[in-house]
Amino acid sequence: DGKSGRAHCCVDGFVMGSCMFSTDEGKGQWRKAQGSQRLLERHPCGNNEEDDRHHRHPLGDDEASPVGTLRISRLTRALSEGTRLGKQNPQRQQCQEIGEGKVRILCLHGTATNAKIMAFSLRPIQARLRSTATLVSVDSNTRLDEKQISLWGDPRVLQMFGRELPYYLWYKHVRRESDGSIRQLPTKQWHQGTHVVGLEGSLRHLARIYQTEGPFHGIMGFSQGAAMASLLAALRPEWFRFVISIAGFVSPSTESVFAVERREEFPPLLQLSGREDDTVREEYARKLCDMFPRSEYISYDAGHRPPTAGQKDVIEAVARFIQENGAQAHA
């Protein structure tokens, strides 16, 4: 965007879902692979300062939501605000025309990564879907500082891609201790949180993206991005025909969102889960499936990561799921 240089469907001038990126081994330097399509010099959505201001203090405003008290009305109001901001954008039709004729899937990255890393990790899936689908990876609105990158970042990811890239998350899991102090929890302790911080700002951000870059046929996410994707689909089931969750979970504060009378309206969910995943264990992955009346669970030999090119049976299952649920365009 004009002030921060960040982009969503368009990062460094390229649509993340339809581009292929590679890295110089050991350096983490990005370069564009052949066949990438240059689309926009600047993202039409503007900057996210109005969202970022909500995240300056862990529990300093109405963004802090204790377990069991999260009000759906607050979340739907945030979505309405983001939708209104998106509709005000004069260039919103520009992104809607991208990928015409293909199934368009909005993709949300995990904690302490970004749209580039998400697109890179989804290369095996994108390669299989090249002729039928476009994966559009987007950045969150909450950028991490150096201390937060050390707390939430995966050392393997940081070693591969370097620390010079911007890293983001969708919301923070924090815990109020017995003495009243607030502790930001490491990634693997997310299920011990007593509050989530930043959720409403991220929903506002995604609603604006949907308006400026949508519509999308489906939504896909990894880890916290999958938790965010399933939450958005539950709040706005009319926006998506399907949800693909890779290592997704239900954050403690958001369970009430799924316990609504209109659950039958939720789109079908495909949950992919690594059998050796020690960040989102099977019990948490299956709990997300339980929230969706129409769900499918597939496990594969992996830790906390998306399927690789060698796991062709999993990738074929993803392609089948998309074909069954995303063939028709939005009305």
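Colleague: What should I know before I start?

Modeller: The model is predicted: local features need pLDDT of at least 70, side-chain atom pairs count only at pLDDT 80 or more, and totals for chains, interfaces and linings use all residues. Residues are numbered from 1 along each chain as its sequence is written, and side-chain values use heavy atoms, with hydrogens and water left out.

Colleague: Which peptide bond is cis?

Modeller: The one from Gly214 to Pro215, with omega near 5 degrees. Pro215 sits in the loop between α8 (199–213) and β13 (218–222). Helices (H or I, at least four residues) and strands (E, at least two) are DSSP runs, numbered from the N terminus.

Colleague: What is the phi of Ala112?

Modeller: Positive, about 60 degrees, and Ala112 is not a glycine. Its loop runs between β6 (103–108) and α4 (115–121).

Colleague: Is Ala112 buried or exposed?

Modeller: Buried means under 20% relative accessible area, exposed over 50%, partly exposed in between (1.4 Å probe, protein chains only). Ala112 has 2%, so it is buried.

Colleague: And what about Ala247?

Modeller: Phi of Ala247 is also positive, near 60 degrees. Ala247 lies in the loop between β14 and α10. At 3% relative accessible area, Ala247 is buried.

Colleague: Where is Thr254?

Modeller: In the loop between β14 (242–246) and α10 (255–258). Thr254 counts as buried because its relative accessibility is 4%. A polar atom of its side chain lies 2.9 Å from the backbone oxygen of Ser251.

How values were computed
Polar contact = N/O pair within 3.5 Å; in protein donor to acceptor, adjacent residues only side chain to side chain.
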